[in-house]
Amino acid sequence: MTYKEKTITKKYWTIGELAKELGVATSTLRFWERGPFKEIIKIKKSEYGFRTYTVDARDKIYLIHELVHIHGYTCKGALKLLSK
């Protein structure tokens, strides 16, 4: 019988973990989720009020980051692209 190690896939990220992965400030993520991308980024809050980002929210934030920080879109332009 062969031992097979379980792979643990992460389901939730904190705002600090996500900001560190992207190299942005936590305030940037808060701005995106409260402001221009509030209809796109859906977060969950823990019972203590901490933000938790799901895989879906993380993927959307990565896309927003790529459009805004790498390709140079404005938030308004990125939102227009994502709304199509």
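Biologist: Which are the buried residues of α3?

Modeller: Keep in mind that this is a predicted model. Helix α3 covers residues 55-70, and what covers its buried residues includes α1 (15-22), α2 (26-34) and α4 (75-82). Buried here means under 20% relative accessible area. The buried residues of α3 are Ala57, Ile61, Ile64, His65, Leu67 and Val68.

Biologist: How far does α3 reach from its first C-alpha to its last?

Modeller: Helix α3 has 16 residues. At 1.5 Å a residue, 22 Å would be expected, and the helix comes close to that. Its reach is 21 Å.

Biologist: And just after α3, which residue takes a positive phi?

Modeller: Look past the end of the helix, which runs over residues 55-70. The phi there is about 80 degrees, and the residue is Gly72.

Biologist: Are α1 and α2 roughly parallel or roughly perpendicular?

Modeller: Their axes come within 8 Å and cross at roughly 105 degrees. Angles of 65 to 115 degrees count as roughly perpendicular. So α1 is, relative to α2, roughly perpendicular.

Biologist: What kinds of residues make up the contact of α1 with α2?

Modeller: On the α1 side you'll find Ile15, Gly16, Leu18, Ala19 and Leu22, while α2 brings Thr26, Leu29 and Arg30. Sorted by type, that gives five nonpolar, two polar and one charged.

Biologist: What is Glu33 in contact with, leaving aside its neighbours within four places in sequence?

Modeller: Start from where Glu33 lies, in helix α2. With those sequence neighbours set aside, its partners are Lys38, Ile41, Ile43, Arg51 and Tyr53.

Biologist: Zooming out, in what order do the elements of the protein chain run?

Modeller: There are four helices and two strands in the chain. Reading from the N terminus, the order is α-α-β-β-α-α.

Biologist: What is the radius of gyration of the protein chain?

Modeller: The C-alpha trace spans about 55 × 30 × 25 Å along its principal axes. For 84 residues the globule rule gives 12 Å, and the chain is well over that, so it is more spread out than a compact globule. The radius of gyration is 15 Å.

Biologist: How much of the protein chain do buried residues make up?

Modeller: The chain has 84 residues, with Glu33 one of the buried ones. Buried residues come to 27%.

Technical notes:
Residues are numbered from 1 along each chain as its sequence is written. This is a predicted model: local features need pLDDT of at least 70, side-chain atom pairs count only at pLDDT 80 or more; totals for chains, interfaces and linings use all residues. Side-chain values use heavy atoms; hydrogens and water are left out. The expected span of a helix is 1.5 Å times one less than its number of residues. Buried means under 20% relative accessible area, exposed over 50%, partly exposed in between (1.4 Å probe, protein chains only). Contact means heavy atoms within 4.5 Å. Axes are lines fitted to C-alpha atoms, for helices over the stretch in contact, and angles run from 0 to 180 degrees between N-to-C directions. Angles under 35 degrees count as roughly parallel, over 145 as roughly antiparallel, 65 to 115 as roughly perpendicular and the rest as oblique. Ala, Val, Leu, Ile, Met, Phe, Trp, Tyr, Cys and Pro count as nonpolar, Asp, Glu, Lys and Arg as charged, and the others, Gly among them, as polar. The radius of gyration is taken over C-alpha atoms; the globule rule is 2.2 Å times the number of residues to the power 0.38.
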